[in-house]
Every structure is written in C-alpha cells, then in structure tokens.
Amino acid sequence: MSYCEPRWIVKVTAGPTEPLTTAKAKEQCNVDHTDSDAWFATAIPAARKLIEAKSGRLIGTQTVTQTMDAFPIGNDPIYLHLSPLQSVTSIA
C-alpha cells in the first residue's frame with residue numbers, strides 16, 4: 001500500500017475590507033484628480049493579494065475555507081495554510 005499526501009484547497013469565501021482606500025492612496029501619491037480612480041481601485045486589491053501570496057499571511061479579516069481530499073494517516077497533523085488565525089468555525 002502506498003501513501004499519498006492529502007491535497008489541500010484553500011479558498012477565501014468572505015472579505016477582506018481593503019487596508020487602504022483610494023483616497024488615501026491618491027493622497028500618498030500626490031494625485032488630486034479622478035482620472036486614475038479606476039486604476040487605484042484595481043491596484044490596491046492586486047497589491048494586497050500579491051503581498052498575501054508572497055508572505056503566506058492574510059491582511060485584514062477574511063473567512064477562509066480549507067478542504068483536503070483525505071485525512072492524514074496516523075498522528076500526522078492537519079496544517080492550516082494561511083495565518084494569522086483568529087478562530088475555527090467548524091471541522092467536518
């Protein structure tokens with residue numbers, strides 16, 4: 001019998017509120033017109049997602065569902081793949 005590591009799927013199901021508003025980003029960049037508002041609205045979440053992917057840490061409160069195709073064998077732990085963790089709602 002061969003052993004295969006369980007595969008994990010991590011999916012953000014709710015949140016977050018972006019850590020930076022368009023107005024604050026424009027202020028930091030000394031932009032005082034509305035021509036770039038759409039760009040800022042796209043760039044802020046893109047930057048947050050990039051930072052989260054590179055650091056392995058979530059920014060802001062988010063609801064995450066983690067599933068796996070099998071439970072680990074024996075005493076192997078179940079790893080939670082994103083941090084920091086505030087609470088666990090359920091294990092099924």
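How many aromatic pairs does the structure hold? The structure, which is a predicted model, holds one aromatic pair, where rings of Phe, Tyr and Trp (its six-membered ring) are paired if their centres lie within 6.5 Å, and planes under 30 degrees apart count as stacked, over 60 as edge-to-face and the rest as tilted. The ring centres of tryptophan 39 and phenylalanine 40 lie 5.1 Å apart and the planes stand at 80°, so the pair is edge-to-face. Tryptophan 39 is exposed, at a relative accessible area of 57%, whereas phenylalanine 40 is buried, at 6% (buried means under 20% relative accessible area, exposed over 50%, and partly exposed in between, with a 1.4 Å probe and protein chains only).

Residues are numbered from 1 along each chain as its sequence is written. Because the model is predicted, local features need pLDDT of at least 70 and side-chain atom pairs count only at pLDDT 80 or more, while totals for chains, interfaces and linings use all residues, and side-chain values use heavy atoms, with hydrogens and water left out.

The protein contains two helices and two strands, in the order β-α-α-β from the N terminus on, with helices (H or I, at least four residues) and strands (E, at least two) taken as DSSP runs. The radius of gyration, taken over C-alpha atoms, is 19 Å, well over the 12 Å that the globule rule (2.2 Å times the number of residues to the power 0.38) gives for 92 residues, so the protein is more spread out than a compact globule. Along the principal axes, the C-alpha atoms fill a box of roughly 65 × 25 × 15 Å, and 13% of the 92 residues count as buried.

Lysine 26, which lies in helix H1 (residues 22–28), is buried, with a relative accessible area of 11%. Leaving aside residues up to four places away in sequence, lysine 26 touches Val31, His33, Thr34, Asp37 and Phe40, a contact being heavy atoms within 4.5 Å.

The largest pocket has a volume of about 950 Å³, a pocket being an open set of points on a 1 Å grid where a 1.4 Å probe fits, with protein on both sides within 12 Å along at least five of seven lines. Of the 27 residues that line this pocket (an atom within 4 Å of a point), Val64, Thr65, Gln66, Leu80 and Val88 are the closest to its centre. Strand S2 (residues 63–68) gives the most to the lining, with six residues.

Notes: Grid points are joined across faces, edges and corners, and a volume is the space filled by probe spheres set on the points.
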